[in-house]
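Keep the sequence and the 3D view at hand.

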Amino acid sequence: MSRAYAGHRIVITGAGAGIGALMAEKFAARGAEVIVTARREQAARDVSEHIRNSGGEAFPYVLDVTDIDSIPAFRDKLHAERGRITMLINNAGVVFGGEFEQLPLADHLNTFQVNTNGLVAMTHAFLPDLIQASSAWLVNIASASAFLGLPYGSSYAASKWAVVGFSESIRLEMQMREFDHVGVTTVCPSYIATGMFEGVKTPLLSPMLTPDKVVRSILKGLKRGDAFVIEPPMARSVELLKGTLPRGIWDQVARITGVSTSMYSWRGKSRK
Ligand SMILES: NC(=O)c1ccc[n+]([C@@H]2O[C@H](COP(=O)([O-])OP(=O)(O)OC[C@H]3O[C@@H](n4cnc5c(N)ncnc54)[C@H](OP(=O)(O)O)[C@@H]3O)[C@@H](O)[C@H]2O)c1
């Protein structure tokens, strides 16, 4: 196994489950010290213990990214206990599916608070660490739904559109400020079998992805220095099609391929 990430200290949000936990495992296996943050203490502990038992370095921390005021305090505590970081992976996310007005407003707003505001606040707290490092990376987990409208998942899609706009802007800003050592990668996967989108009907040519496939693509993309990691390959054509086809035709394509109807049957594991 390569030690490509030896010397890196990586904070991952929402690392107590799903692809966050898997990324923690994979980066630790490649030599990184992983800061496993989760809002549930036991989840952070379990993932860290699993990594340590496999010979990796991992440290559990409780972090709820919606508690924006606690984020600078978390950073200061981490600096005091472990030191500065070289990589931030903004992974925490939630989704609430259903007919827009039938869902409580609190669920819509919570979606933005976790997926967008928490991500912006974490980046605000830790970008100085990344700028000070000799080689650093910011990885933002968005979604393939950031390229299109998602009926029955409008707030989720919107929160991820915001992540793409934010992430791309920071990437360009790092270049313009000549911080070329700070890479920024935006990850846009379609549906992944983690339970978050339990019940969805996957669109044509976009089968349910395995967490392993997505994490392998992320590792590959980082190695290449890619600005975007998009899975499956089909999802890469969405921007082009949406930008060139007349709107009504695109709407039909999205419907016929099952993109627009995929969330209709969502059950997911809703979380508060
Ligand atoms: N699954 C998909 O189909 C899919 C597709 C595209 C993009 N994504 C994105 O990929 C990322 C990871 O999702 P996943 O598929 O691995 O699903 P997941 O297993 O549900 O992981 C989401 C993680 O975020 C955590 N989280 C939720 N609210 C949080 C908060 N307030 N503070 C800190 N952590 C919080 C969850 O913690 P708890 O376990 O405590 O709830 C969980 O560990 C998300 O950003 C998601 O939007 C997922």
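## About the model

This is a predicted model: local features need pLDDT of at least 70, side-chain atom pairs count only at pLDDT 80 or more, and totals for chains, interfaces and linings use all residues. Residues are numbered from 1 along each chain as its sequence is written, and side-chain values use heavy atoms, with hydrogens and water left out.

Helices (H or I, at least four residues) and strands (E, at least two) are DSSP runs, numbered from the N terminus.

## Nonpolar cores

A nonpolar core is a set of buried Ala, Val, Leu, Ile, Met, Phe, Trp, Tyr and Cys residues joined through side-chain atoms within 4.5 Å. Buried means under 20% relative accessible area, exposed over 50%, and partly exposed in between (1.4 Å probe, protein chains only).

The largest nonpolar core has 34 residues. Met-23, Phe-27, Val-36 and Ile-89 touch the most other members. Elements giving two or more residues to this core include strand 1 (9-12), strand 2 (33-38) and helix 6 (211-224). Helix 1 gives the largest share, seven residues. Apart from this core lies another, of 29 residues, with Ile-71, Phe-74, Leu-78 and Ile-85 among them.

## A helix pair

Helix 1 and helix 2 pack at an angle of about 25 degrees, their axes 10 Å apart. Axes are lines fitted to C-alpha atoms, for helices over the stretch in contact, and angles run from 0 to 180 degrees between N-to-C directions. The two helices are therefore roughly parallel (angles under 35 degrees).

Helix 1 brings Ala-21, Ala-24, Glu-25 and Ala-28 to the contact (heavy atoms within 4.5 Å). Helix 2 brings Val-47, His-50 and Ile-51.

## Salt bridges

The structure holds 12 salt bridges (a side-chain nitrogen of Lys or Arg within 4 Å of a carboxyl oxygen of Asp or Glu). One of them joins Arg-84 and Asp-129, at 2.8 Å from N to O. Arg-84 lies in the loop between helix 3 (70-81) and strand 4 (87-90), and Asp-129 in helix 4 (residues 105-132), so the pair ties together parts 45 residues apart in sequence. Arg-84 is partly exposed, at 40% relative accessibility. Asp-129 is buried, at 2%.

Arg-171 pairs with Glu-168, with the closest N and O atoms 2.7 Å apart. Both sit in helix 5 (residues 154-176), about one helical turn from each other. Salt bridges with shared partners also join Arg-9, Glu-33 and Arg-82 into one network.

Note on methods: Parallel < 35°, antiparallel > 145°, perpendicular 65-115°, else oblique.
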